[in-house]
Amino acid sequence: MAVGYVLVNVSPGKEYQAFQVIKDIENVSDATLLFGDYDIIVKLEAETLGIIAQTVVDIIRQVPGVIDSKTLAGAEI
């Protein structure tokens, strides 16, 4: 099982709408609205990091209001 965290920036005023869409995306196991440098943090769980990357590029970054993201891949030690 692969885990990734996505830090998302959203256009001002669009935070809650983007959060409502993102939290229901397949492979999203948790999403939280934030205060600070990022607006939303998303935890993704999938079979591979490739699926996580595809979810970020093809789905999360296409959500209306999303302007930027940073993806952090979980390490298996």
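What is the relative accessible area of glutamine 20? The value is 27%, so glutamine 20 is partly exposed (buried means under 20% relative accessible area, exposed over 50%, and partly exposed in between, with a 1.4 Å probe and protein chains only). All views show a predicted model, in which local features need pLDDT of at least 70 and side-chain atom pairs count only at pLDDT 80 or more, while totals for chains, interfaces and linings use all residues. Residues are numbered from 1 along each chain as its sequence is written, and side-chain values use heavy atoms, with hydrogens and water left out.

**View 1. The protein chain as a whole, with elements in the order β-α-β-β-α-β from the N terminus.** Along its principal axes the C-alpha trace spans about 40 × 20 × 15 Å, and buried residues account for 34% of the 77 residues. Of the contacts between residues at least 6 apart in sequence, 66% join residues at least 24 apart (contact means heavy atoms within 4.5 Å).

**View 2. Glutamine 20 in helix α1.** The side chain of glutamine 20 is joined to that of tyrosine 16 by a polar contact of 2.8 Å (a pair of N or O atoms within 3.5 Å; within protein, one must be able to donate a hydrogen and the other to accept it, and residues adjacent in sequence count only if both atoms are side-chain atoms). Tyrosine 38 lies 18 residues from glutamine 20 in sequence, and their C-alpha atoms are 16 Å apart in space.

**View 3. Asparagine 27 in the loop between α1 (15–22) and β2 (28–33).** Although asparagine 27 is not a glycine, its phi is positive, at about 80°. Most residues other than glycine have a negative phi. With a relative accessibility of 25%, asparagine 27 counts as partly exposed.

**View 4. Valine 6 and asparagine 9, both placed in strand β1.** Valine 6 has 0% relative accessibility and therefore counts as buried. If residues up to four places away in sequence are left aside, valine 6 touches Ile40, Ile41, Val42, Leu44, Val56, Ser69, Lys70 and Thr71. The C-alpha atom of valine 6 is separated by 15 Å from that of glycine 36, which is 30 residues away along the chain. Asparagine 9, in the part of the chain assigned to β1 (residues 2–10), is likewise buried, at 17% relative accessibility. Under the same exclusion of residues up to four places away in sequence, asparagine 9 touches Asp37, Tyr38, Asp39, Gly65, Val66, Ile67 and Asp68.

**View 5. Serine 69 in strand β4 (residues 66–73).** Serine 69 is buried, its relative accessible area being 17%, and its side chain makes a polar contact of 3.5 Å with the side chain of arginine 61. Apart from residues up to four places away in sequence, serine 69 touches Val6, Leu7, Val8, Val56 and Arg61.

**View 6. Threonine 48, in the loop between β3 (40–46) and α2, and glycine 50, in helix α2 (residues 49–58).** The side chain of threonine 48 reaches the backbone nitrogen of isoleucine 51 at 3.1 Å. Threonine 48 is partly exposed, with a relative accessible area of 39%, and glycine 50 is also partly exposed, with a relative accessible area of 46%. Between the C-alpha atoms of threonine 48 and aspartate 24, which are 24 residues apart along the chain, the separation is 19 Å. For glycine 50 and alanine 2, which are 48 residues apart in sequence, the C-alpha to C-alpha distance is 9.0 Å.

Conventions
Helix = DSSP H or I, 4+ residues; strand = E, 2+ residues; numbered from the N terminus.
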